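Me: I am new to this structure. Please show me how to read its features, one at a time.

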Amino acid sequence: QPPPMPSNRFVLVIGGLGYIGSHTVLELLRAGHNVIVVDNLSNCYETVLRNVTTLIEAHCQANGTSPPLFHFHRLDYRSRAMCLLLESYSDLVITIDASGKQHMTYSSRITGVIHFAAYKSVLDSIKRPLQYYQNNVCGLVSLLQRLDAYAIHNFIFSSSATVYGSKANSGLPLREDDLTHDSSPCSSTVGLSCPYARTKYFAEAILADAAAANPRWRIVALRYFNPVGCDPSGLLGESPRAEATNLYPILSQVLTGARPALDVFGTDWKTRDGTAIRDYVHVLDVARGHIAALGWNTADNNTSEKSGGAGGFRAFNLGSGSGTTVLEAVHSLEEVAKKSIPVRWAGRRPGDVGACVASTERAQRELGWVPREGIAQCAADLWNFVRKAVKPAQ
Ligand code: NAD
Ligand code: WQD
């Protein structure tokens with residue numbers, strides 16, 4: 001058990017009631033961090049807050065520890081209220097130099113920020129690109145300016161394997177240097193398939209530029225592959241307001257009878273069973289990756305030398321490092337649910353790639369992060385959550 005965080009220090013988690021955010025908040029609290037969550041509930045429900053509180057109280061009771069501080073603010077991170085929130089967690093420091101001139105700076109009680117808030121649907125981003133650029137890119141720029149004003153520079157960003165675009169088609173595990181934000185030839189943005197992917201690419205480029213210009217920034221972009229599963233308690237999972245489009249949430253809907261069958265998009269990929277390969281990674285492993293990244297930044301590892309002169313900006317893949325086909329994913333859930341999942345063969349989904357698998361070597365070597373769970377555990381935890389969430393028929 002790590003020593004408790006000083007009671008006046010916090011990690012700020014923006015979008016912290018969403019799927020990955022809520023699991024990360026839970027892991028932060030379990031590790032003894034005080035947490036402030038900001039979320040506007042645009043893609044989640046407030047019940048998540050209650051469930052995180054229940055889980056952390058049970059955890060602390062079992063361990064005989066007192067719960068860390070946990071504050072929730074329902075607001076849009078782009079609003080003026082966000083500025084007031086940053087102010088309320090900061091102390092004004094006035095210094096007087098040798099010439100008698102006064103200098104005012106802030107010392108924040110926020111030691112690090114994890115920024116999950118964004119819109120994330122590929123299809124929706126094609127229909128509403130400006131809303132996506134506004135929330136995922138413009139919002140980010142204003143946020144960085146506000147954080148800089150309050151001298152908060154430890155920043156973890158939710159990026160995505162989608163930034164690799166068509167580079168995934170090489171069939172090789174993707175390495176972080178396959179997409180960089182310097183002037184090297186490999187930094188060109190070939191084949192980004194939708195506005196959502198471009199928001200993540202632009203956001204990373206902005207972060208890299210900010211870090212190159214201001215040496216105080218310590219920025220990590222975590223490129224998630226396909227986060228799945230949930231906390232084994234079954235109290236926390238993926239329960240968005242938006243319609244499900246990802247494979248595992250759709251598979252759960254088939255299992256509960258909310259959908260008749262899974263449409264398998266593409267059966268002619270060059271893979272072992274003809275269906276597409278993805279790197280599914282347990283969401284709690286992803287959550288732990290954020291804690292590793294925060295600590296890595298805090299220990300001042302994120303330096304210009306590592307980034308090849310680009311300041312304190314570094315990207316890391318968070319994946320399991322192994323690939324699973326769509327049919328293998330179907331079987332993983334059939335096995336734990338002891339039910340068969342009807343499938344229909346469908347054509348390829350536009351913009352899809354045949355395979356997308358992470359090299360996790362950099363995260364393992366530099367962050368000391370090692371994914372613990374495999375696809376079987378992901379499926380077991382997901383099914384546990386789905387079973388608990390479905391009300392038994394009267
Ligand atoms: P999510 O939609 O479940 O969580 C995002 C949270 O942010 C939601 O709770 C939403 O209410 C909140 N939010 C959105 N805009 C906001 C705003 N303007 N102000 C305040 N709160 C706001 O999504 P997730 O799956 O947890 O993903 C988190 C992040 O990870 C996103 O940035 C997403 O693009 C990225 N990502 C997700 C995946 C995935 O497969 N889930 C993969 C790669 C990257
Ligand atoms: C996985 C595989 C589908 C649904 C997306 C985003 C990416 C990232 C994660 C945020 C693919 C197949 C799916 C279905 C199917 N999100 N499938 N039938 O496409 O790897 O990535 O989510 O950053 O940006 O693009 O994930 O879960 O949608 O699909 O056959 O009904 O399952 O074709 O091969 P994807 P996914």
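Me: What should I know before I start?

Reply: This is a predicted model: local features need pLDDT of at least 70, side-chain atom pairs count only at pLDDT 80 or more, and totals for chains, interfaces and linings use all residues. Residues are numbered from 1 along each chain as its sequence is written, chains are lettered from A and ligands numbered from 1 in the order in which they are written, and side-chain values use heavy atoms, with hydrogens and water left out.

Me: Which residues come nearest to ligand 1?

Reply: A residue is near a molecule if one of its heavy atoms lies within 4 Å of it. Here 28 residues are around ligand 1, and Ile20, Asp39, Asn43, Lys120 and Tyr196 come nearest.

Me: Which polar side-chain atom lies 2.8 Å from an oxygen atom of ligand 1?

Reply: A polar contact is a pair of N or O atoms within 3.5 Å; within protein, one must be able to donate a hydrogen and the other to accept it, and residues adjacent in sequence count only if both atoms are side-chain atoms. Lys120 supplies that side-chain atom. Ile20 uses a backbone N or O atom, 2.8 Å from an oxygen atom of the ligand. Arg78 has a polar side-chain atom 3.5 Å from a nitrogen atom of ligand 1.

Me: How much of ligand 1 does the protein cover?

Reply: Accessible areas come from the Shrake-Rupley method with a 1.4 Å probe; for residues, only the protein chains shown count as cover. On its own, ligand 1 has 820 Å² of accessible area, and the protein covers 96% of it.

Me: Which element gives the largest share of the shell around ligand 1?

Reply: Helices (H or I, at least four residues) and strands (E, at least two) are DSSP runs, numbered from the N terminus. The largest share is three residues, from β7. Elements giving two or more are α1 (19-30), β7 (154-160) and α6 (195-213).

Me: How does the shell around ligand 1 split by class?

Reply: Ala, Val, Leu, Ile, Met, Phe, Trp, Tyr, Cys and Pro count as nonpolar, Asp, Glu, Lys and Arg as charged, and the others, Gly among them, as polar. That shell has 14 nonpolar, nine polar and five charged residues.

Me: What surrounds ligand 2?

Reply: There are 19 residues, and the closest are Tyr196, Asp263, Arg278, Arg349 and Asp352. An oxygen atom of ligand 2 is 2.5 Å from a side-chain N or O atom of Arg278. For Arg349, the corresponding distance is 2.6 Å. The protein buries 88% of the 680 Å² that ligand 2 exposes when taken alone. β10 gives the most to this shell, with four residues.

Me: Where is Asn246 found, and is Asn246 buried or partly exposed?

Reply: Buried means under 20% relative accessible area, exposed over 50%, partly exposed in between (1.4 Å probe, protein chains only). Asn246 is in the loop between β9 (226-228) and α7 (247-255). Asn246 is partly exposed because its relative accessible area is 41%. A polar side-chain atom of Asn246 lies 2.9 Å from an oxygen atom of ligand 2.

Me: Why is Asn214 called buried?

Reply: Asn214 is called buried because its relative accessible area is 18%. The side chain of Asn214 makes a polar contact with that of Asp148 (3.4 Å).

Me: Which residues make the nonpolar surface patch?

Reply: Patches are made of residues with over 30% relative accessible area and no salt bridge: like charges are joined within 9 Å, nonpolar side chains (Val, Leu, Ile, Met, Phe, Trp, Tyr) within 5 Å. A salt bridge is a side-chain nitrogen of Lys or Arg within 4 Å of a carboxyl oxygen of Asp or Glu. Leu92, Ile94, Ile96 and Met104 make this patch, of about 430 Å².
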